[in-house]
Amino acid sequence: MSDQGNGANNKVTIIAWSGDLDRAYPILILATTAAASGMDVTIFFTFWGLFILKRNDRGLTGKDWMTKMLSLMNRGGTEHLKLSRLHMAGMGTSMMRQIFKKNNIASLQELLDMAREMGVRLLPCQMTMDALGLTRDDLIDGVGEPAGAATALEEAAASRINWFI
Amino acid sequence: MSDQGNGANNKVTIIAWSGDLDRAYPILILATTAAASGMDVTIFFTFWGLFILKRNDRGLTGKDWMTKMLSLMNRGGTEHLKLSRLHMAGMGTSMMRQIFKKNNIASLQELLDMAREMGVRLLPCQMTMDALGLTRDDLIDGVGEPAGAATALEEAAASRINWFI
Amino acid sequence: MSDQGNGANNKVTIIAWSGDLDRAYPILILATTAAASGMDVTIFFTFWGLFILKRNDRGLTGKDWMTKMLSLMNRGGTEHLKLSRLHMAGMGTSMMRQIFKKNNIASLQELLDMAREMGVRLLPCQMTMDALGLTRDDLIDGVGEPAGAATALEEAAASRINWFI
């Protein structure tokens with residue numbers, strides 16, 4: 001936890017549980033907007049949310065056939081996330097990405113890079129990594145030390161704004 | 001942002017990202033309950049959530065074939081929202097609406113009207129409107145000025161309760 | 001609402017709206033982690049979330065054919081919850097449960113029992129119970145009095161951390 005007392009008034013903690021394209025957007029837009037306005041921002045990536053941090057060039061991951069199979073069905077990486085609805089075998093997701101591009105909305109990867117540059121703390125959930133057999137090498141550079149629920153809670157308790165997305 | 005300091009103790013900000021029938025209910029029930037208890041309430045409608053504010057009589061919207069196609073697949077308006085699960089080609093959604101009616105639970109439209117009358121601020125997300133080609137005329141009367149993430153964040157930072165739904 | 005003022009600094013309120021296996025986990029992990037660190041925790045179970053509290057041995061419930069039919073399609077109880085994605089006719093959900101077991105992650109039922117023992121307040125939503133025809137007997141032992149949105153809001157307003165899951 002960074003700083004107590006006054007610090008509680010200037011901190012945002014987002015628990016990023018979702019790995020959908022359409023939910024990754026508010027996670028990263030709210031985080032970068034908060035950082036831009038001078039707030040201290042932590043994102044705790046857990047469960048499906050961890051897949052936002054997966055390298056785009058990493059396909060099959062896992063430690064046994066079950067976790068490998070899950071990685072095939074849910075590859076992860078900003079370029080491979082899908083819409084939570086209207087995915088329609090890829091057509092809806094592809095259209096939404098095109099609509100964003102046409103409207104000059106930053107891509108997820110650009111937002112994620114921006115978040116890192118702005119000093120947003122990106123904490124991967126240790127339990128999810130262990131369970132799914134993901135290693136630090138499977139994740140992008142610049143993420144923080146894998147952390148547990150106790151750390152997420154501590155960050156949240158020190159925050160002015162909390163969101164579970 | 002309405003009022004700082006003490007005001008932070010009496011304000012609720014809901015980021016309404018979801019456009020499902022079953023998630024629109026807690027958004028509007030929590031908002032009207034908070035307003036009824038004298039709290040200052042802001043709802044920021046973004047992404048799928050914006051479709052809660054779409055007029056029920058407005059069908060096809062958008063500025064090009066992609067956004068028009070999306071409006072066909074995701075029409076919006078309180079009367080056209082679907083359950084996030086058990087929709088079952090409309091049967092589950094229809095049954096849930098009937099169950100609510102039988103139990104004298106207000107309809108979404110009634111809750112939305114009530115929220116407006118109670119002074120709940122309904123802020124549509126500018127970026128979503130631009131991207132999907134939605135205009136003020138496509139939305140119900142009485143919504144606030146379209147706003148961006150910075151405004152949503154400012155409201156959130158001044159709030160005692162924050163929820164992302 | 002337990003205690004005002006200083007109490008607001010030591011309380012967590014989770015609105016548990018989701019009844020998915022993968023969302024029930026963060027609900028119960030965050031709740032038990034907070035209780036373990038000495039915080040005062042309330043979970044308000046509403047809509048699909050109420051099904052986390054349903055007895056595993058209770059199948060068909062409801063007061064008329066519609067609510068009975070819904071109970072068949074969405075049985076509830078910690079042992080019957082499904083993944084929100086990759087359920088794949090049960091295969092994905094079954095694999096995820098096995099992965100958790102192999103990694104010595106507590107089952108949902110164990111987490112729920114632990115939460116009760118730690119004194120986490122488990123409040124079922126009265127409106128959902130009435131609408132779906134669920135009775136106290138359909139729910140596990142040790143839950144609090146069924147409550148409404150006003151109670152949930154009161155708990156939230158007294159909390160340092162709020163999450164809608």
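Me: Buried area is the accessible area that two parts lose on being put together, summed over both. In this predicted model, what is the area buried between chain A and chain C, and what percentage of that area do carbon and sulfur atoms give?
Reply: The contact takes 30 residues from chain A and 29 residues from chain C. Carbon and sulfur atoms give 74% of the area buried between these two chains. The area itself is about 2,700 Å².

Me: Which three residues supply more than any other three of the area that chain A buries against chain C?
Reply: Chain A brings 30 residues to the contact with chain C. Three of the residues of chain A supply 24% of the area that chain A buries there. They are M66(A), L153(A) and F164(A).

Me: Which residue of chain C forms a salt bridge with D20(A)?
Reply: The rule finds two salt bridges across the interface of chain A and chain C. A salt bridge requires a side-chain nitrogen of Lys or Arg within 4 Å of a carboxyl oxygen of Asp or Glu. For D20(A), the closest N and O atoms are 3.2 Å apart, and the partner is R85(C).

Me: Which element of chain A gives the most to the side that touches chain C?
Reply: The elements that give two or more residues to this side are helix 2 (65-73), helix 5 (126-132), helix 6 (149-157) and strand 4 (161-164) of chain A. The top contribution is six residues, and it comes from helix 2.

Me: How do the residues of chain A that touch chain B divide into nonpolar, polar and charged?
Reply: On this side, 29 residues of chain A are in contact with 30 residues of chain B. Between the two chains there are seven residue pairs in polar contact, both residues being at pLDDT 80 or more. Helix 1 (21-36), helix 3 (91-102) and strand 4 of chain A each supply at least two residues of the side. The division is 18 nonpolar, six polar and five charged.

Me: What is the N to O distance in the salt bridge of K102(A) and D64(B)?
Reply: The count between chain A and chain B is two salt bridges. In one of them the side chains of K102(A) and D64(B) meet, N to O, at 2.8 Å.

Me: Is T128(C) buried or exposed?
Reply: T128(C) lies in helix 5 (residues 126-132) of chain C. Not counting residues up to four places away in sequence, T128(C) touches T46(C), F47(C) and L50(C). Its relative accessible area is 6%, and the cut-off for buried is under 20%. T128(C) is therefore buried.

How values were computed: Residues are numbered from 1 along each chain as its sequence is written. Chains are lettered from A and ligands numbered from 1 in the order in which they are written. This is a predicted model: local features need pLDDT of at least 70, side-chain atom pairs count only at pLDDT 80 or more; totals for chains, interfaces and linings use all residues. Side-chain values use heavy atoms; hydrogens and water are left out. Helices (H or I, at least four residues) and strands (E, at least two) are DSSP runs, numbered from the N terminus. Buried means under 20% relative accessible area, exposed over 50%, partly exposed in between (1.4 Å probe, protein chains only). Contact means heavy atoms within 4.5 Å. Buried area is the accessible area (1.4 Å probe) that two parts lose on being put together, summed over both. A polar contact is a pair of N or O atoms within 3.5 Å; within protein, one must be able to donate a hydrogen and the other to accept it, and residues adjacent in sequence count only if both atoms are side-chain atoms. Ala, Val, Leu, Ile, Met, Phe, Trp, Tyr, Cys and Pro count as nonpolar, Asp, Glu, Lys and Arg as charged, and the others, Gly among them, as polar.
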